[in-house]
Number of protein chains: 2
Amino acid sequence: MNSNTYQNTKELIATAGLKATHPRIAVLHELLTNEEHPTAEQVHTALQPNNPSVSLGSVYRILEKLVEVGLARPVASRNGLKRYDARTDSHSHIYAVNTEEIQDYYDEELNDLIKGYFDKKKISNFKITEVKLQINGEKADPDKKVTIV
Amino acid sequence: MNSNTYQNTKELIATAGLKATHPRIAVLHELLTNEEHPTAEQVHTALQPNNPSVSLGSVYRILEKLVEVGLARPVASRNGLKRYDARTDSHSHIYAVNTEEIQDYYDEELNDLIKGYFDKKKISNFKITEVKLQINGEKADPDKKVTIV
DNA sequence: ATTCTAAATAGGAATAATTCTTATTTACTG
DNA sequence: CAGTAAATAAGAATTATTCCTATTTAGAAT
């Protein structure tokens, strides 16, 4: 990655109070640029060409650390694999069941709708931190993105 | 379980085109009565007292089969475990992050709201099969249920 | 620039979760 | 009741994730 990007990613990590090690910078950068909500194994594979010494065990550990400090979020999935997302804005996920893909979906109107709904509700014994829509379905053409407009 | 319940569960299985074996009846009944969205291991543990010969490998296989025929649904979770739900009506899930619990949440108004939203949308390359909210947050008292009214 | 050290890492072992294999059992059809 | 395709138990194998330890390193202090 170019030195500007490297520096930016490094700063994100340092600002979060973590030691800005090279493996961490590499993992976070991969997560920021990979919008596929990858598993640890997929992140590790993607890093191999340019970072062959970053170990899989480290990738697992680093991802959990990034979640811990808020630089990443775990993504709910149904196939028993841990997945991650670097996007921290409020958005929803489209789950293509047939291709086992999870695609981001963002709509300010939807966010407002959900917020409005919960604003009217009385919630007991629970503090909501995040609400997202889980949109399950099947992709027609596996090579194209899903679009909702 | 009483013989009426056993018979009802057996009929659900037979109606779905599966051989109504005892292990299958036991697993489906456990899923119908356990609202905790259990893992295969939890279902197996729950069956032990009255069904000690049902093996863990069989529970895994049976759960996937129930999903295949529509008698169960996989539940999205973030901790890398496969969970299951026998409820097939349209509902959402409350994820208590601190207690790692998933609680059902049903509101017809919410369902209508979501349906209305998507009715206005143009969706390409995707066929929606199900939409639910993932309501993430933290439980205050771990021994009480979350309520949203 | 150098030293120091607490924290991070690589590498691999260990554990947990899930899937697969095979000999045996069984639900259901005829 | 007999037959048999499908299901199962039991355990092995595989995959996903976590843990351990010797070594390395980022960054603070000088």
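How many nonpolar, polar and charged residues does the surface near DNA strand D have? By class there are seven nonpolar, five polar and five charged residues, where Ala, Val, Leu, Ile, Met, Phe, Trp, Tyr, Cys and Pro count as nonpolar, Asp, Glu, Lys and Arg as charged, and the others, Gly among them, as polar.

This is a predicted model, in which local features need pLDDT of at least 70, side-chain atom pairs count only at pLDDT 80 or more, and totals for chains, interfaces and linings use all residues. Residues are numbered from 1 along each chain as its sequence is written, chains are lettered from A and ligands numbered from 1 in the order in which they are written, and side-chain values use heavy atoms, with hydrogens and water left out.

DNA strand D is surrounded by 17 residues, the closest being A:Lys82, B:Thr21, B:Arg24, B:Ser53 and B:Ser58, and a residue is near the strand if one of its heavy atoms lies within 4 Å of it. Of the atoms of DNA strand D that come within 4 Å of the protein, 76% belong to sugar and phosphate.

The table lists distances to a phosphate oxygen of DNA strand D.

| Residue | Protein atom | Distance |
|---|---|---|
| A:Tyr60 | polar side-chain atom | 2.7 Å |
| B:Thr21 | N or O atom in the side chain | 2.5 Å |
| B:Ser53 | polar backbone atom | 2.7 Å |

The elements that give two or more residues to this surface are α4 (56-68) of chain A and, from chain B, α2 (22-33) and α4 (56-68), with helices taken as DSSP runs (H or I, at least four residues) numbered from the N terminus. The largest share, three residues, comes from α4(B).

Methods
A polar contact is a pair of N or O atoms within 3.5 Å; within protein, one must be able to donate a hydrogen and the other to accept it, and residues adjacent in sequence count only if both atoms are side-chain atoms.
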